[in-house]
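Here is a short report on charged side chains and how they pair. Look at the structure first, then read on.

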Amino acid sequence: MTDTREFLDRFWEDEILPSLTDYVAVPNVSVLFDPDWEANGHMEDALQMGKAFMEKHAPDDATLHVGRIPGRTPLLLLDCPGEADGTILMYGHLDKQPEMVGWRDGLGPWSPVREGDKLYGRGGADDGYALYCALAALEAVRREGRKRARVVLLVEFSEESGSPDLPAYMESFADVIGSPDLVICLDSGAGNYDQLWSTTSLRGMVGGTLQAEVLTEGVHSGDAGGVVPPPFLILRKLLDRLEDPATDRIIPEALHAEIPAERVAQAEAAAETLGSDTFSRFPWAGDTGRPGVPTGELILNRTWRPNLAVTGAGGLPSLEKAGNVLLPQVTLNLSFRLPPTVDPRAAQDAIREVVEPDPPYGAKVTLHFHEPAQGWSAPALAPWLGDALHDASMGAYGKPAMYMGEGGSIPFMGMLGEQFPEAQFVITGVLGPNSNAHGPNEFLEIAYAKRLTEAVATVVARHATRQGTPARIASREA
């Protein structure tokens with residue numbers, strides 16, 4: 001393992017980081033945020049970078065497929081034959097979230113900066129590193145002289161928009177993908193940078209816009225105030241139908257789900273490991289917080305309970321241009337995170353039933369949903385995989401593997417869970433404390449990513465035998 005670690009450290013420094021740094025500089029925002037992505041060409045630039053790295057570092061007998069369905073974002077699919085039985089499907093994506101404001105001086109979304117072991121810039125951690133990590137892990141297994149199964153590396157370009165283009169490619173490349181018995185997704189989070197974290201569940205998502213319209217044009221606020229209800233007031237009342245303003249609990253019961261006992265136990269174990277890092281890792285302003293809420297409950301709040309965030313607004317002028325006008329309409333962009341087992345389309349129906357009937361003051365209310373994302377809950381962990389994850393974490397980090405749900409969504413996982421119900425899943429990633437995916441100052445923790453690559457190589461190699469450590473198997477059987 002010492003030789004493997006030295007190789008991976010060199011490979012990251014000499015091969016991965018130069019290419020990944022160039023990738024961070026590409027403003028390849030996802031299709032939802034750049035409808036003119038084809039004309040702008042940034043996605044093509046990102047694709048060519050990924051393709052070039054695959055062609056240089058893929059196994060000699062691998063076959064690279066470039067998917068290009070008209071009107072859809074592209075796809076990279078690398079088919080790497082193996083010597084052992086089975087198929088491993090590895091996953092990452094190369095589209096990005098928009099810029100976001102608030103980057104500190106000297107940093108920017110498209111200006112990659114390395115400071116020590118942190119690479120700052122949009123997309124390095126979410127999820128540009130994944131393609132590089134996967135190929136490096138395969139090369140590490142080869143250098144160790146260990147057998148592995150066939151590996152299919154899938155890299156999509158619409159994940160940050162909810163993967164709307166992925167189902168068409170899953171159908172188009174069904175024969176190439178086959179029936180994987182292990183899925184390794186490299187697009188998730190980590191509770192800390194001290195050990196391997198395996199994601200046990202992902203929340204679903206329902207997003208859309210809610211608009212309240214009271215006038216056909218703006219009018220003097222002094223003239224209309226008290227006569228015409230402001231559109232923001234309408235929206236406040238509608239939001240109060242969805243979320244209790246006193247407790248912030250989501251009101252429609254269709255958006256809730258029973259939390260499995262196993263997930264509660266895992267949340268408690270994660271809380272014991274993380275302690276105050278569960279909440280202190282966020283960039284709180286002032287005295288903001290949730291006093292008195294146990295750490296385990298905070299973890300369940302972000303992994304198995306619904307919540308609502310207002311992520312954008314339309315119709316509100318900037319502060320510099322905000323005259324004394326009662327606005328004709330205001331639109332809010334809403335993002336609901338859902339428990340992993342809630343049907344997102346049923347959630348849409350429940351939201352609509354609450355919002356649309358009997359609008360306040362008879363205002364014109366319009367609700368429009370984006371494509372929803374299905375949540376996902378992992379199947380029971382096979383004994384060999386539990387042992388492999390433990391050994392991978394101990395070997396790479398010197399600490400045991402940990403398990404925790406994530407609050408975000410990876411639509412691909414729900415899709416695969418339905419398509420391959422017998423497969424085992426390893427959902428992991430580098431989005432640890434303060435890495436701030438989707439926000440300002442996103443960074444990749446390079447040292448953690450190097451060790452994660454080592455851990456992934458261990459899991460890939462152990463999959464070839466599907467065997468656990470004999471001492472732990474005996475202990476478990478006893």
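Is Glu297 buried, partly exposed or exposed? Glu297 is partly exposed, at a relative accessible area of 29%. Buried means under 20% relative accessible area, exposed means over 50%, and partly exposed lies in between (1.4 Å probe, protein chains only).

This is a predicted model, in which local features need pLDDT of at least 70, side-chain atom pairs count only at pLDDT 80 or more, and totals for chains, interfaces and linings use all residues. Residues are numbered from 1 along each chain as its sequence is written, and side-chain values use heavy atoms, with hydrogens and water left out.

The structure holds 26 salt bridges. In a salt bridge, a side-chain nitrogen of Lys or Arg lies within 4 Å of a carboxyl oxygen of Asp or Glu. Three of them are listed here.

| Pair | N to O distance |
|---|---|
| Asp9 and Arg451 | 3.0 Å |
| Arg146 and Glu144 | 3.4 Å |
| Glu297 and Arg305 | 2.9 Å |

Take Asp9 and Arg451, whose closest N and O atoms are 3.0 Å apart. This pair links distant parts of the chain, 442 residues apart. Asp9 sits in helix 1 (residues 2-24), and Arg451 in helix 15 (residues 446-463). Helices are DSSP runs (H or I, at least four residues), numbered from the N terminus. Asp9 is partly exposed at 25% relative accessibility, while Arg451 is buried at 13%. Both belong to a network of salt bridges that links Arg5, Asp9, Arg451 and Glu454.

Now the other pairs. Arg146 is partly exposed at 36%, and Glu144 is partly exposed at 27%. Arg305, the partner of Glu297, is partly exposed at 25%.

Methods:
Helix = DSSP H or I, 4+ residues; strand = E, 2+ residues; numbered from the N terminus.
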